[in-house]
Every structure is written in C-alpha cells, then in structure tokens.
Amino acid sequence: MTIQENVALAPLTTLQVGGAARYFAEARREDEVREAVQFAKARGLAMFVLGGGSNLVVADSGWPGLVLKIAIGGITTPPASGATGNAVLFSVGAGGNWDDFVAQAVAQNCAGVECLSGIPGSVGGTPVQNVGAYGQEVGDTIESVRALDLKADRVVVLPKPACGFRYRSSIFNTTERGRYIILRVNYRLKRGGAPSLKYADLQKYFAEKLAGKKTSPSLAETRAAVREIRRSKGMLLVAGDDDCRSAGSFFKNPVLSEEQFQELAERAASKGVEIPSYPAARSQDKDAQRKVSAAWLVEHSGFSKGYVAGEAAISHKHALALINRGHAKASDIVGLKDEIQRGVQTEWGILLQPEPVFVGF
Ligand SMILES: Cc1cc2nc3c(=O)[nH]c(=O)nc-3n(C[C@H](O)[C@H](O)[C@H](O)COP(=O)(O)OP(=O)(O)OC[C@H]3O[C@@H](n4cnc5c(N)ncnc54)[C@H](O)[C@@H]3O)c2cc1C
C-alpha cells in the first residue's frame with residue numbers, strides 16, 4: 001500500500017476548498033485499512049477517514065496527519081439464503097459510489113433507497129449522518145454496519161439499533177465519533193416493493209406527470225423523478241453546473257420543542273408571515289418536537305438564492321447550499337456561514353447548525 005505525502009484535498013471534495021493532507025493513503029481492502037491505521041499509530045498521526053468528500057469543508061491549512069480514503073468496493077446480494085420473503089440483503093463495500101448502488105437496487109426492482117437517488121458520496125458515508133432525502137433515510141433500511149473498531153482494535157458488526165440513527169445523526173458522528181472505520185454496509189430492501197411517495201415535491205411531480213392516468217409510478221420512474229427534482233435544485237452533481245460546487249445543504253433543519261416553536265411562530269406572526277414546519281419524525285417524543293425549514297429561515301433573514309460574498313455564494317437554485325464560485329478558500333465559505341448564522345440568529349433567535357464536517361479547523 002502506498003502512502004503519499006502532501007496530497008491536495010480540495011479536488012477530492014465536492015466543495016473544492018482547503019489545503020493538503022500531510023500523508024494520504026487509499027485502502028481497497030480491509031487489511032489495507034489496518035495497515036494504514038498502524039502507520040498512523042506508529043507515528044502518532046491524527047487520522048481522518050475520507051469517503052466521497054461530499055460533506056466536507058477542509059481547512060485551508062489542510063490536515064496535518066493521515067487522510068485514509070476508503071475505496072473498498074463490491075456489492076453482494078446473497079440469492080436464496082439472503083432473501084426472507086420479499087426482503088433482499090445487499091452487502092455493499094464502504095468505498096462504493098452510493099448512487100451506483102441505488103441504481104443497481106432499483107434495476108433489481110428492490111425498494112427502500114429509491115428516494116435517495118442522486119446523493120453524492122460513498123456507501124460508507126451514508127450511515128454517518130443517516131443520509132436522508134424525499135422521505136427516506138438510510139437508517140430505515142440499514143440492517144447492520146461492518147466496521148473496524150479502533151478502540152477495541154477488531155472488526156465488529158453493529159446491528160441497526162446500535163447505530164443510533166436520528167435526523168442527520170448516528171453514533172458515528174456523535175457519541176462514537178472517530179471510533180469506527182466503516183468497511184461495509186448491509187441494507188435490507190424489499191423486492192417488488194412500492195416506491196415511497198411521501199414527500200410533497202414528489203407527489204406534485206407525479207400529479208403533474210401522471211395527470212389523468214391511473215398508473216402509479218415504478219421504482220425506476222421514482223428514481224428518475226428524484227434525480228430530475230434534485231438537478232433543478234443544484235443537488236445533483238452535474239458537470240458544468242457551478243451551483244453544485246457545494247457540500248449539499250449547509251445547515252440542518254432546526255428541531256424545536258413545542259415551546260420554542262410557539263415562540264418562533266409568534267415572532268413570525270408579528271412579521272406577518274407563517275413559518276413552514278413539520279413534525280420531527282425521528283424524535284423520541286413526536287408530539288413535542290417540530291422541525292422547521294432552515295432554507296425558509298435563511299431566505300427570511302435577508303439572504304436570497306444567488307447571494308454573493310466574494311468567492312463564496314448561496315446557490316442560485318437552493319437557499320441552503322453554500323457554493324464555491326470557483327476560487328473560494330475555506331475561509332470564504334466559513335465567512336459566509338458565519339454571516340448567515342448571525343443573520344438568522346438576529347432575525348429569529350435560532351443558531352443554525354452546520355451539516356458538513358469541518359476538517360482540520
Ligand atoms: C450536491 C449535494 C447534495 C447532497 N444531498 C444530500 C441529501 O439529500 N441528503 C443528505 O443526507 N446528504 C446530502 N449531501 C451530503 C453528502 O452527500 C452525504 O452526507 C454523503 O453521505 C457523504 O458521504 P461521503 O462518502 O462523501 O462522505 P465524506 O464527505 O467523505 O465524509 C463525511 C463524514 O463521514 C465520514 N466517513 C466517510 N466515510 C467513512 C467511512 N467509511 N468510515 C467512517 N467514517 C466515514 C468522514 O470521516 C466524515 O466525517 C449532499 C451533498 C452534495 C454535494
């Protein structure tokens with residue numbers, strides 16, 4: 001396994017900002033992951049695990065230790081033994097491209113991840129923030145996660161309940177951050193299952209598309225619809241579209257207690273507007289918590305789509321995506337993030353929490 005030195009990280013991320021990794025390795029097999037871990041341990045280097053780089057802001061000073069890119073691929077679908085009734089278990093290497101896996105699942109007529117079409121990044125990145133979109137989350141279909149436990153120094157298989165999936169979080173980005181290197185993820189999908197059409201944008205899309213027809217959309221049509229909607233929002237990586245030089249949504253939708261929400265609603269009413277909100281599906285106490293739209297808060301705090309701050313900007317297509325206009329530094333992106341957080345806090349009393357991972361800050 002080759003360990004490289006001073007490798008630029010910006011080209012390995014979708015936001016394309018930041019400095020270099022002091023050391024860089026790419027692991028295609030589990031034994032290579034262990035080898036890289038040993039290399040870092042022996043030299044007392046801090047290690048950062050890189051997937052597809054689609055949820056990162058890398059500091060301009062880069063990463064002083066080892067960046068380990070996980071490139072373990074492969075998808076296995078056990079035939080009869082892996083299928084219980086309609087359930088099909090896919091075991092997918094952490095380094096595989098997420099959307100390639102979704103395409104394969106849909107092609108095999110398996111439901112459960114079709115609404116997560118078009119999300120960039122690796123398979124191993126999906127459990128970390130419990131990736132979600134258009135009414136589905138990976139936590140709904142993950143059966144277990146195979147990982148190298150750096151604390152116990154052994155490979156473990158974590159069943160879904162041990163992963164602690166919640167809205168944009170899991171043990172991997174909260175309580176056990178930095179402890180596990182995800183090697184494979186096992187998804188339980190449903191062969192012949194109906195597509196999930198819970199999300200308003202999708203329902204609207206099909207209401208217009210299938211007007212008058214009785215047929216319900218197939219998994220493949222749902223995948224195509226999700227990709228088309230994402231493209232219109234700059235949330236699909238499309239060559240030549242500057243609006244997708246981003247890390248996706250930069251802020252999480254705030255989850256508020258009923259009391260906090262009432263306060264916010266009153267503030268909105270006093271300004272003559274109504275704030276869109278939804279029940280927070282993954283909260284422990286469903287009745288007591290509301291999720292409000294971070295995009296709405298941003299747009300109602302003086303920041304519109306296309307807002308420019310030097311080399312950083314807000315996407316022309318989505319108020320939550322901060323973009324690199326071409327020559328931005330990490331400090332430009334952080335500057336715009338700070339400006340938006342201050343603006344929203346002043347206007348609405350809410351501190352928006354960033355969604356991407358900050359590396360080397
Ligand atoms: C245009 C665009 C649209 C997006 N849309 C969505 C969306 O709709 N919903 C959504 O949830 N996200 C979205 N994202 C964010 C991002 O794509 C996801 O979070 C994705 O799962 C990140 O995976 P990655 O492999 O790129 O991880 P990276 O960005 O490389 O890493 C993210 C974090 O995961 C950790 N990590 C990655 N791989 C491993 C591993 N094998 N083991 C342990 N830790 C690991 C890293 O250390 C880091 O902490 C979007 C991003 C972009 C650019």
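Which residues does arginine 168 touch, not counting residues up to four places away in sequence? In this predicted model, arginine 168 touches Gln129, Asn130, Val131, Gly132, Glu137, Asn173, Lys252 and Glu355, where contact means heavy atoms within 4.5 Å. The model is a prediction in which local features need pLDDT of at least 70 and side-chain atom pairs count only at pLDDT 80 or more, while totals for chains, interfaces and linings use all residues. Residues are numbered from 1 along each chain as its sequence is written, and side-chain values use heavy atoms, with hydrogens and water left out.

Arginine 168 is placed in the loop between α3 (160-163) and β14 (180-191); helices (H or I, at least four residues) and strands (E, at least two) are DSSP runs, numbered from the N terminus. Its relative accessibility is 12%, so arginine 168 counts as buried, a class that means under 20% relative accessible area, with exposed over 50% and partly exposed in between (1.4 Å probe, protein chains only). A polar atom of the side chain of arginine 168 lies 2.9 Å from the backbone oxygen of glycine 132.

An open sheet of four strands has the order β15-β21-β20-β19, with antiparallel pairing, two strands being paired if DSSP finds at least two bridges between them. The edges are taken by β15 (246-249) and β19 (308-309), each with a single partner strand, so that one side of each is left without a neighbour in the sheet. Between β15 and β21, which run antiparallel, there are two bridges, and serine 249 stands opposite alanine 321 in β21. Three bridges join β20 to β21, again in the antiparallel sense, and the bridge partner of alanine 312 in β21 is asparagine 324; the two strands β20 and β21 are joined by a hairpin through six residues.

Strand β3 is joined to β5 (residues 63-70) by four bridges, the two running parallel, and phenylalanine 48 stands opposite valine 67 in β5.

Helix α2 (residues 98-107) packs with helix α5 (residues 219-232) at an angle of about 150°, their axes being 9 Å apart. That angle makes α2 roughly antiparallel to α5, given that angles under 35 degrees count as roughly parallel, over 145 as roughly antiparallel, 65 to 115 as roughly perpendicular and the rest as oblique. The contact is made by Asp99, Val102, Ala103 and Val106 of α2 together with Leu219, Ala220, Arg223 and Arg227 of α5.

Methods:
Axes are lines fitted to C-alpha atoms, for helices over the stretch in contact, and angles run from 0 to 180 degrees between N-to-C directions. A polar contact is a pair of N or O atoms within 3.5 Å; within protein, one must be able to donate a hydrogen and the other to accept it, and residues adjacent in sequence count only if both atoms are side-chain atoms.
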